[in-house]
Amino acid sequence: MNLFAERNSRIDSENAFKVGPHIVRVEQQNGEVIKLNLGEPDFAVPSHIKDEIKRQLDLDNTKYCDPKGLLSLREAICSQINQTRGLQTSPEHIVVFPGGKPPIGLAQQVYCEPGDEVIYPSPGFPIYELFIRYVGAVPVPLHLEETANFTFSPDELAAKITPKTKLIYLNFPSNPTGAVVTGRQLEEYAEVILEHCRPDMRVFSDEIYENIIFDGQQHYSISSVKDMAGKTIIASGFSKTYSWTGGRIGYAVFPTVEEADIFKKLNINYFSCVPPYNQEAAREALENPLSKQAVQKMVDTFESRRNLIWSQISKIPGISCQKPGGAFYLFPNISAVCENLDLINKHQRLSPEEQSSPANLFQMFSLYEHQVAVLDRNSFGQIGADGRHFLRLSIAAEQSVLEEGVRRIKAAAGDVSGLDKFLKKRPDLNLF
Ligand SMILES: Cc1ncc(COP(=O)(O)O)c(C=O)c1O
C-alpha cells in the first residue's frame with residue numbers, strides 16, 4: 001500500500017532551501033555562519049515601491065482579482081517589453097505569476113507529453129531539471145563549459161536537438177554562473193533552432209536577471225532575433241531587479257493569446273490570483289522613474305563587489321574563476337582544491353548513502369568546520385555533472401562579510417587535517 005503517488009519520487013527540492021536547517025544547526029553550535037549561499041539581493045525594496053504597497057492596502061485593494069494579472073500591471077509590462085525587446089506584444093499575451101518560478105514548471109505541464117525532450121542549461125537554475133521527470137518528459141542537459149565562459153556553441157545546441165525536442169530553456173544572465181551572451185550568439189542559437197527544431201516547440205527564455213549586468217554591457221533577448229518572437233516565452237519578474245523576493249511577482253510573455261489563456265486557467269486552478277496590492281506596486285516599480293536610480297545603485301554595488309571578490313577568490317591556491325558578466329554569483333572551479341584535499345578519493349570511500357559529490361563534501365566541510373555557506377555544482381543540475389567540481393558563491397552580502405567568507409573558503413581549501421577530523425565526526429556529509 002502506497003500513500004504517495006509514484007510521481008512524487010520523480011521530483012526533488014532545491015538545495016538552496018535544504019541548506020537552511022544545516023546553517024541553523026551550525027549557528028546554534030558554533031556561532032555565526034557567513035552566508036554566501038543566498039539567491040536574493042541584500043537590499044531593501046526601494047521606498048517608492050513599499051509606499052505603493054502600503055497605499056494599496058489602505059485602499060483595501062486586498063480581494064480576488066484577475067487570474068491573468070491586473071490589466072494595469074500587464075499594460076506596464078507590455079510597454080516595457082515592447083520597448084526593450086523591440087516587440088509588438090499585447091497585454092493579452094502576458095500572464096502574471098507568484099514569482100518567476102511557477103511558469104518554469106507549468107510550461108512543462110502545458111507543452112510536454114511523456115517522452116518529449118527538454119533541453120536546459122547545466123549548470124542552471126535547478127527547477128528546469130527537477131520538473132522534467134515529474135511530467136514524464138526526458139531531460140537533455142546542455143552542459144555549459146567554463147572554457148566558453150559558461151555559454152555554448154551553436155553546434156553543441158544543434159547536437160542536442162531531435163524531433164522530440166519540445167522546450168529549450170535559456171537563461172542569460174545565468175544562475176549560477178553569471179554568464180551573459182552577446183546579441184550575435186543569440187542570433188546563432190536562433191539560426192540553429194529555426195533550422196533544426198520542429199515548428200511546434202517553444203524556447204523558454206528566463207530573463208529574470210535582465211537588469212543586473214556589468215561592464216556597460218546590455219541585455220539581449222532571443223525574442224528580439226528575427227522570427228523568434230513567435231517561438232519564445234519571455235519570463236522575468238520583480239524578485240531580483242527590485243530586491244523583492246518576498247513580493248512573489250513574476251510574469252511570462254507568450255507568443256499567442258491562446259497559450260497565455262491556458263496558463264491563466266492553470267493559475268485559476270492552482271492559486272486563483274496574485275495579491276493585487278503587490279501587483280499595483282509592481283506596476284509602480286515599472287512606471288516610476290525613481291526605480292531606474294535604485295536599480296542602478298544596486299547594480300553598481302554588485303559590480304564593485306564582483307570585482308573585489310572575483311580577484312580575491314582567484315588568488316586562492318587551487319581555485320580559478322571566470323569573471324561573471326551579470327547576476328550576483330561567482331562560480332569558481334575547485335578541481336585543484338579537490339585534488340589537494342584528496343576529496344575525490346575520500347568521497348569515493350564513503351558509503352553509497354553518504355556519497356554526493358566531492359564539491360558537496362567540500363561545501364559541508366566548509367559549513368560545519370569553517371562556518372561559511374556556499375552551494376556546490378550539483379545543486380544546479382545533477383545529470384552528467386560527475387567530475388565537475390565547482391561552487392556557487394552569492395555576492396548578496398556586505399563587502400566585509402564577503403571578504404570574511406573568502407578568507408574562510410581559503411582556510412577550508414588548505415585544511416587537510418580539519419577535513420580528516422570532519423570525516424571522522426561525519427555530522428552530515430550529504431546534503432541530499
Ligand atoms: C534563473 C532563475 N529563474 C527564476 C527564479 C525564480 O525567481 P522568483 O523568486 O521570482 O520565483 C530564480 C530565482 O533564484 C532564478 O535564479
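Q: What makes the crossing of helix 2 and helix 9 right-handed or left-handed in this predicted model?
A: Helix 2 passes helix 9 in a right-handed crossing. A crossing gets that name if the near helix is turned clockwise from the far one by less than a right angle. The axes of helix 2 and helix 9 (residues 276–287) come within 8 Å and cross at roughly 145 degrees.

Q: How do you know which residues make the contact of helix 2 with helix 9?
A: Two residues are in contact if their C-beta atoms, placed from the backbone, lie within 7 Å. Helix 2 brings His48, Ile49, Glu52, Ile53, Gln56 and Leu57, and helix 9 brings Tyr277, Asn278, Glu280, Ala281, Glu284 and Ala285. Sorted by class, this contact has 6 nonpolar, 3 polar and 3 charged residues.

Q: Why is helix 4 called roughly perpendicular to helix 8?
A: Helix 4 (residues 102–111) and helix 8 (residues 257–270) pack at an angle of about 110 degrees, and their axes are 11 Å apart. Angles of 65 to 115 degrees count as roughly perpendicular, so helix 4 is roughly perpendicular to helix 8. Helix 4 passes helix 8 in a right-handed crossing.

Q: What makes up the contact of helix 4 with helix 8, by class?
A: Pro103, Leu106 and Val110 of helix 4 meet Ile262, Phe263 and Leu266 of helix 8. Pro, Leu, Val, Ile and Phe count as nonpolar, so the contact divides into 6 nonpolar, no polar and no charged residues.

Q: Why is helix 13 called roughly perpendicular to helix 14?
A: The axes of helix 13 (residues 358–370) and helix 14 (residues 399–413) come within 10 Å and cross at roughly 110 degrees. The range for roughly perpendicular is 65 to 115 degrees, so this description applies to helix 13 and helix 14. Their contact is made by Phe365, Ser366, Glu369 and His370 of helix 13 and Arg408, Ile409, Ala411 and Ala412 of helix 14. By class, that contact has 4 nonpolar, 2 polar and 2 charged residues.

Q: How many residues surround the ligand, and which are the closest?
A: The ligand is surrounded by 13 residues, and the closest are Gly99, Gly100, Lys101, Asn175 and Ser239. A residue belongs here if its C-beta atom, placed from the backbone, lies within 6 Å. The shell has 2 nonpolar, 9 polar and 2 charged residues.

Q: What makes the phi of Asp60 worth a look?
A: Phi of Asp60 is near 60 degrees, which is a positive value in a residue other than glycine. Asp60 sits in the loop between helix 2 (47–58) and helix 3 (71–85).

Q: Where are the cis bonds at Pro123 and Pro173?
A: From Ser122 to Pro123 the peptide bond is cis, with omega near 5 degrees. Pro123 lies in the loop between strand 3 (117–122) and helix 5 (126–134). Another cis peptide bond joins Phe172 and Pro173, with omega about -15 degrees. The loop between strand 5 (165–170) and helix 7 (183–196) holds Pro173.

Q: Which domains is the protein divided into, and what gives the most to the side of domain 1 that touches domain 2?
A: The protein is divided into domain 1 (6–32 + 293–425) and domain 2 (47–290). Their C-alpha centres lie 27 Å apart. The contact takes 32 residues from domain 1 and 34 residues from domain 2. On the domain 1 side, helix 10 gives the most, with 8 residues. By class, this side has 15 nonpolar, 9 polar and 8 charged residues.

Methods. Residues are numbered from 1 along each chain as its sequence is written. This is a predicted model: local features need pLDDT of at least 70, side-chain atom pairs count only at pLDDT 80 or more; totals for chains, interfaces and linings use all residues. Domain bounds come from an automatic or database domain assignment. Helices (H or I, at least four residues) and strands (E, at least two) are DSSP runs, numbered from the N terminus. Axes are lines fitted to C-alpha atoms, for helices over the stretch in contact, and angles run from 0 to 180 degrees between N-to-C directions. Angles under 35 degrees count as roughly parallel, over 145 as roughly antiparallel, 65 to 115 as roughly perpendicular and the rest as oblique.
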